[in-house]
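Visitor: I'd like to learn how to read a protein structure. Could you walk me through one, feature by feature?

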Amino acid sequence: MKNRILKVDDLHYVYGNGKLALDGVSVEIFEGEKIAVIGANGSGKSTFFLNLNGVYTPAHGEIIYREMLVNKKNLNELRKNVGIVFQEADNQIIASTVRAEVGFGPMNLRLPKEEVIKRVKEALAYMNLSGFEDRPPHYLSGGEKKRVSIADIVAMKPEVMIFDEPTVSLDPQNAMLLEEVLLKLGGEDKTVLISTHDVDFAYRWAERVLVFCNGKIIADGTPLDVFQNMEILKLTNLKQPTMMEVYNVLVEKKILPDTQAYPKKVQELKAVLDDCAVLLSG
Ligand SMILES: Nc1ncnc2c1ncn2[C@@H]1O[C@H](COP(=O)(O)OP(=O)(O)O)[C@@H](O)[C@H]1O
Ligand SMILES: [Mg+2]
């Protein structure tokens, strides 16, 4: 049994204009989980993330980090351990050089100077940004800026990493590079939450999918469970991942037996088809 890292209980959040953006969200998150958060625009994903990392204070409900009930006094402990990469890098990046930008978080953690320098160096290398130290972040390309905004979080070494729609403003090549980074982080046993409209990515990458609708979580399960639930997909205006659709067509046409062994990648589909061809010819 994995250890619980976050517990959210009956979370409500109301914006200044009276908008109820979270309406009773309860969920438990465990060490090492890879969670995709999906749902229509305005369903509360970003608001949920900003509560999880202590930028926003809930109107009602609790957040428990490890054994600690989060309150005003220990908020920094939450922020230290739950890092968020904003949807728009421009809303996150504040410093005038990449070095200062990535060093900002570790400095706020009051780490010794040598440790800050080491963290910056490591985070930049990790994000393939070595040599960018003296560059002003605001003049970098969209993909480079995104990498800086991720290096910000990598340098803080939080236990939980949150990415709010990370691929939205990236071109396909940068989106692919980012997916590699996300896979790398996943392989390192980090707990990662990503909001996305890309159901194909969610299906390939996640172990668990949370579906938001009108400030509530309306589904929570494996990608297969969630993406087989047509009612949920219709309610949230999402389509089924392409690989599932293709598999279903092949089963319908009796090209594949219905073993429910849904492939996640084209290579896996190919392997399933190859196996099947061997069986037929044998
Ligand atoms: N700063 C804000 N002031 C008032 N309402 C907001 C603000 N930010 C978001 N909202 C509203 O809160 C709801 C949830 O928004 P958000 O969490 O951004 O959804 P998502 O990330 O799923 O698109 C939406 O109705 C949105 O219009
Ligand atoms: Mg959002």
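Visitor: What should I know before I start?

Guide: This is a predicted model, where local features need pLDDT of at least 70, side-chain atom pairs count only at pLDDT 80 or more, and totals for chains, interfaces and linings use all residues. Residues are numbered from 1 along each chain as its sequence is written, while chains are lettered from A and ligands numbered from 1 in the order in which they are written.

Visitor: How many helices and strands does the protein have?

Guide: Helices (H or I, at least four residues) and strands (E, at least two) are DSSP runs, numbered from the N terminus. Here you get 11 helices and 10 strands.

Visitor: What does the radius of gyration say about the protein?

Guide: You take that radius over C-alpha atoms, and the globule rule is 2.2 Å times the number of residues to the power 0.38. For 282 residues a compact globule would come out near 19 Å, and the protein has 21 Å, which agrees. Its C-alpha atoms fill a box of roughly 65 × 45 × 35 Å, taken along the principal axes.

Visitor: And what share of the residues is buried?

Guide: Count C-beta atoms, placed from the backbone: a residue is buried if 20 or more others lie within 10 Å of its own, exposed if 12 or fewer, and partly exposed in between. In the protein, 37% of the 282 residues are buried.

Visitor: On to sheets. What order do the strands take in the sheet of 6 strands?

Guide: Strands of a sheet pair through backbone hydrogen bonds, either parallel or antiparallel. To call two strands paired, DSSP must find at least two bridges between them. The open sheet of 6 strands has the order 6-7-8-3-9-10, with mixed pairing. Strand 6 (82-85) and strand 10 (216-221) are its edge strands, each pairing on one side only. Inside the sheet, strand 3 (residues 34-38) and strand 9 (residues 208-213) pair in the parallel sense over 4 bridges. There, Val37 stands opposite Leu210 in strand 9.

Visitor: What about the sheet of 4 strands?

Guide: That open sheet has the order 2-1-4-5, with antiparallel pairing. Its edge strands are strand 2 (20-30) and strand 5 (68-69). Strand 1 (residues 4-14) and strand 2 pair over 8 bridges in the antiparallel sense, and Tyr13 has Leu22 of strand 2 as its bridge partner. Helix 1 packs on this sheet, touching strand 1, strand 2 and strand 4 (60-65), and its direction makes about 60° with that of strand 2.

Visitor: How do I read such an angle?

Guide: Axes are lines fitted to C-alpha atoms, for helices over the stretch in contact, and angles run from 0 to 180 degrees between N-to-C directions. Contact, in turn, is when the C-beta atoms of two residues, placed from the backbone, lie within 7 Å. Helix 6 (residues 172-187), for instance, lies across strand 3, strand 7 and strand 8, and runs at about 150° to strand 8.

Visitor: Which helices does helix 3 pack against?

Guide: The buried residues of helix 3 (residues 98-108) are Val98, Glu101, Val102, Gly103, Gly105 and Pro106. They pack against helix 4 and helix 5 (142-154). Take Gly105: it is buried, with 24 other C-beta atoms within 10 Å. Leaving aside its neighbours within four places in sequence, Gly105 is in contact with Asp152, Ala155 and Met156.

Visitor: Where would I look for a positive phi?

Guide: Most residues other than glycine have a negative phi. Arg110, in the loop between helix 3 and helix 4, has a positive phi near 60°. Glu165 has one of about 40°, and lies in the loop between strand 7 and helix 6.

Visitor: Are Arg110 and Glu165 buried or exposed?

Guide: Arg110 is exposed, because 8 other C-beta atoms lie within 10 Å. Glu165 has 20 C-beta neighbours inside 10 Å, so it counts as buried.

Visitor: Last one: how many residues surround ligand 1?

Guide: A residue is near a molecule if its C-beta atom, placed from the backbone, lies within 6 Å of it. Ligand 1 has 13 residues around it, the closest being Tyr15, Ala21, Lys45, Ser46 and Thr47. Helix 1 (residues 45-52) gives the largest share of that shell, 3 residues.
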